[in-house]
Amino acid sequence: MKEVRTIVRQEEILQDQCKKVRALSFLNLAENLQDANAFAISKPALSLHKSLLVLEEILYEIYKLEMQVEPRVKSVHSLLNQRNFVAKIHPRRIYLLMNLVNKMASSQSNEVVEAKAAKIVLDYLSDIVEWFLKRYDRSFKAKLPSKNSNFEDLTSILNGNILHQEHQSVEAYKNSADWFEMTAKQGNPSAQYNLGVLYNHGRGVKKDYILARKWYERAAEQKDVNALYSLGVLYHLGQGVSQDYEKAAHYYKEAANLGNADAQYNLGVLFNQGLGVPVDFFEAAKWYISAANQGNTSAQNNLGFLYHNGTGVEQSYEEAMTYFEMAALAGDASAQYNLGYMYLKGRGITQNFEEAARWFHMAALQDHTNAEFQLAMLYNTGQGIAQDQVEAIKWFKLAAHSGHTNAQYCLGLLYQKEKDIALAEKWLQLAASHGHISAGFELGRMYVYQLEQSDKALPYFKKAAEKGYADAQYELGLLYVNEAGGTLNYREAAKWWRAATDQSHIHAEYQLGLLYEQGLGIEQDLEEARRCYRLAAIQGHAGAQYQLGNLFDKGKGVEQDYTEAAKWIEQAAAQGHAKARYQLAQMHCHGQGVPKDFVKAAQLYRLAANQGHQKAQFQLGMLYKKGLGVAQDYNEATKWLKMSLENIKE
């Protein structure tokens, strides 16, 4: 009976809390709390989800209350990891309970465990809700006006507790609008500003930028700092007025001089970008500093950029780190990404992949696209975080769906590696369509070497080649000599290979040498062929080494020189070049440029023969027949001679 009474009592407490939360106009919070309670036994998974939403709403509201600014995202994980905010949550027991609720609600999978977990989470949640109600009520009462309070105090309270809360009822906004209008007409600047806010956002009244501007202007005439700033925003964005950066700068400056941090930040942006004012990084830095000192996270982040680049301030990675960290700790996603990047590159601090991953993860949880991409890269390589291909693909996908072309490209490569050609083609096509040159190149290679659709590769290679991509220029040349699209064009091949050789592309040097040697698409020029082969050969290209040696062996365009020929052919043979192995074996048989050595010749013939070289198979058979370099063996001779006849190819 004791357990039943406990459950009933807990039910009464939660119902009472729902009423109190609803009375404070936190309607979503009340509904989610009620659902979490109602579904705890019948649908525990749903109950846990609703409990997590309750925690999210509470953290969001407490953040606004304590930090005097709205968080950029409703993320339990992100908010619970912000040091400045967490420091304001007292007692620490509540913070620990929040962490427990978050972990339990996020990690349950077994249905039996879920039912038990849902009730435990509700118990914890009840304590958190009670703490929230007391804290919120205490804060609100502290702001209530005394009997001697003037009208400005009252409108300030209303502005903070009604206008800037998302979950107020429509009726509450309508009542506020009527009350503000009555007092605004009597000339009160705070009421005029607040009425402008309602028209600006369409709360309690129909959205109307013209009327918003009217009331902002009346308040601004009386130097209401918020109205001055809001007018600047209207002109900045062109809402209800023609976009006018000069007027925006004018109003921002008036508000900035009166200490409005948002106006200081926006004024800094205008100076930074040269909108309505001349580009002036010193002025931009000045206003960013003013706003940053008041806790404006966007200003702190932008100031970090200025220090990073040495623009308007003395370059300092250390100072950049300081400002990025300020904003990052306050929850600014861009600053979290920038801080992660500084750790990734080791700028202003010792390189630390673990810290980079941590900050990228926090920013990624706020849908920061670049952070999603960088986090995916770390998961993919296992730097600073356990290597996890599934997680890498997950984050790559999130960034890719947001239009991040490098993420789309990387996804394509990952799927290509996993042999999922359909998905690889999809993502590479998407990246290529947004101008990603490497994606277009890889797509072209896929069409040639995996899908055998060379005609589809041609436009991708050509686009990349025209952008100066050397590998694409080389591949494009190959398409032209292999009749891609039904067009054999040695002249075009020579043109693109020549362009690639300008960027020291050794494979293109070799192919261009072949064209010069054979006079295909260009006039035959053995000296130029030799030059091309040599450039590629000294960089280790086996084909070029063989061709260069062959020129000296045959005396083509040069005086015949077996020693020089052997020098290059030996290098090619050592790299496994079948023709070079055969040629070197021939030279050992005849003692041309190398000692006469049938044993060495037999070894080289065998290597080339096993690679399918028909002439090497025949010559190896003859050595076995004659017993030169090998023991005479007619069976082996027959085997290799027969193989050569079945495999007649050069």
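A residue is called buried when its relative accessible area is under 20%, exposed when over 50%, and partly exposed in between, as judged with a 1.4 Å probe on protein chains only. Helices (H or I, at least four residues) are DSSP runs, numbered from the N terminus. The model is predicted, with local features needing pLDDT of at least 70 and side-chain atom pairs counting only at pLDDT 80 or more, while totals for chains, interfaces and linings use all residues. Residues are numbered from 1 along each chain as its sequence is written, and side-chain values use heavy atoms, leaving out hydrogens and water.

**Helix 23**

The buried residues of helix 23 are Ile421, Ala424, Glu425, Trp427, Leu428, Ala431 and Ala432. An α-helix has 3.6 residues a turn, so residues three or four places apart point the same way. Among the elements that cover the buried residues of helix 23 are helix 21 (389-401), helix 22 (405-417), helix 24 (437-449) and helix 25 (454-466).

How far apart are the end C-alpha atoms of helix 23? The expected span of a helix is 1.5 Å times one less than its number of residues. For the 13 residues of helix 23 (residues 421-433) this gives 18 Å, and the end C-alpha atoms are 18 Å apart, which agrees. After helix 23 comes Gly435, with a positive phi near 90°.

**The nonpolar cores**

A nonpolar core is a set of buried Ala, Val, Leu, Ile, Met, Phe, Trp, Tyr and Cys residues joined through side-chain atoms within 4.5 Å. The largest such core has 159 residues, of which Tyr252, Tyr288, Leu303, Phe360, Phe396, Trp497 and Tyr605 touch the most other members. Another core lies apart from it and has 42 residues, including Cys18, Ala36, Phe85 and Leu133.

Tyr252 belongs to helix 13 (residues 245-257). Contact means heavy atoms within 4.5 Å; not counting residues up to four places away in sequence, Tyr252 touches Tyr229, Gly232, Val233, His236, Ala263, Asn266, Leu267 and Leu270. Leaving aside neighbours within four places in sequence, the contacts of Trp497 include Gln473, Tyr474, Ala508 and Leu515.

**Buried residues and cysteines**

His588 lies in helix 32 (residues 578-590).

| Buried residue | Relative accessible area |
|---|---|
| Tyr252 | 1% |
| His588 | 6% |
| Cys410 | 14% |
| Cys532 | 0% |

The structure holds zero disulfides, a disulfide being a pair of cysteine sulfur atoms within 2.5 Å.

How values were computed
Helix = DSSP H or I, 4+ residues; strand = E, 2+ residues; numbered from the N terminus.
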